[in-house]
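I opened a notebook page for this protein.

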Amino acid sequence: MTIISVPYHLDEYLPDLDLPLQPGQAVAAGLPAGDPWERMAVLQSAVAGTVAGDVASGACPVVMSGDCNTSAGIMAGLQRAGVDPAIVWFDAHGDVQTLETTTSGYLGGLALRLLAGYRPELIAARLGLRPVPEDRIVLAGARDLDPPEVTYLAGAQITRREVVGLSAAGLPDGPLYVHVDLDVINGAGLPGLRFPAPGGPDAAQLADALRVLLATGRVAALGLACSWHPGHASARHVAAQLSAVLE
C-alpha cells in the first residue's frame, strides 16, 4: 500500500490537518481563484494522476484528506488505470444531497451523489469520471440523513448496511473502492468532528469491518476522510486501529 496525503478540506489548503497515518507522498496543486468546482477539479485531477500511477505500478493507494469529495479524484484515478470498482462507503451521513435539495449549501454533502452521476458537469466531466451504477454502491453506517436524502435512498438501488457485523456476503462483484469518512465513528469518541453524529461504531468496530473488506483481496484503493477541524489531535483516537488494519 502507498499512503498519500491530500491536506485539503474541499478547496481549502490545510497544512496542519491531523492525519492518522504517516504519508509517503503528498498531493498539492496551485488552485485558480474563483469557482469552487473549478478549484476542486484542479486538485482532484492531481489526485487522479497520482492514484492512477500508483495503481498502474501495482500498489493499493490509501488516500487521506479532509473531506469526502477527494473520492472523485480517487475514483477517476482508478478508472484511468483500467479499474472499474464498486464502492463501499462508510459515513454517518448519506452524502447524497444535491444543489437543489441542500439547505446548508455544504458541497461535501454531495460527494456520493456525484459519483453516482449527478450533475457531471460540476466535476466528473472535468476529470473524465464515469458514473458508478447505484446497484454497485454500498452505504454503511449512515444514520444522520436529511429528508431529501431519506427520500432518494428509499427509491435508489444503493444497498444500506451497518458497520458492526459487516460481512463480505452481498458485496458487489469485482474490485472495490472503500471510502471511510471517519465521522462514521460515534461522535462522542472522536473530538473535533465537523459534523458529529451520535450512535455508530467505535474505532475498533470500524477496524473490524475494514479487515473483512481487505480480506477479500478486492480492495483497489482506500479513501480516509479526516473530517475534523485541525487543532484537536483527533487522529490519535483512530491511529492505532487503522495502522493495525493496514499493516
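The entries below go from the whole chain to single residues.

**Entry 1: the whole protein.** I noted at the outset that this is a predicted model. I counted seven helices and 10 strands. Along the principal axes, I found that the C-alpha atoms fill a box of roughly 40 × 40 × 35 Å.

Entry 2: I recorded 54% of the 247 residues as buried. Among contacts with a separation of 6 or more, I found that 71% join residues 24 or more positions apart. The accessible surface came to about 9,500 Å², and carbon and sulfur atoms hold 52% of that area. I also looked up the charges: there are 14 positive and 25 negative ones, and their mean positions lie 3 Å apart.

**Entry 3: I137.** I located I137 in strand β7, which covers residues 137-140. For A116, I noted a C-alpha to C-alpha distance of 8.5 Å from I137, across 21 residues of sequence.

**Entry 4: S71.** I found S71 in helix α2, residues 70-80. S71 has a relative accessible area of 2%, so with a cut-off of 20% I recorded it as buried. Which backbone oxygen lies 2.7 Å from a polar atom of the S71 side chain? I identified it as that of C68. Setting aside neighbours within four places in sequence, I saw S71 in contact with W89, A111, L115, Y177 and H179.

**Entry 5: L110.** I placed L110 in the loop between β6 (86-90) and α3 (111-115). Although it lies in a loop, L110 counts as buried, because its relative accessibility is 0% and the cut-off is 20%. Not counting residues up to four places away in sequence, I listed W37, D95, Q97, T98, L99 and Y118 as the residues that L110 touches. I also looked up the pair L110 and E149: they are 39 residues apart in sequence, and their C-alpha atoms are 10 Å apart in space.

Definitions and conventions:
Residues numbered from 1 in each chain as written. Predicted model: local features only at pLDDT ≥ 70, side-chain atom pairs only at ≥ 80, totals over all residues. Heavy atoms only, no water. Helix = DSSP H or I, 4+ residues; strand = E, 2+ residues; numbered from the N terminus. Buried < 20%, exposed > 50% of the residue type's maximum accessible area, 1.4 Å probe, protein only. Contact = heavy atoms within 4.5 Å. Areas by Shrake-Rupley, 256 points an atom, 1.4 Å probe, with all protein chains shown as cover. Lys, Arg positive; Asp, Glu negative; His and termini not counted. Charge placed at Lys NZ, Arg CZ, Asp CG, Glu CD. Polar contact = N/O pair within 3.5 Å; in protein donor to acceptor, adjacent residues only side chain to side chain.
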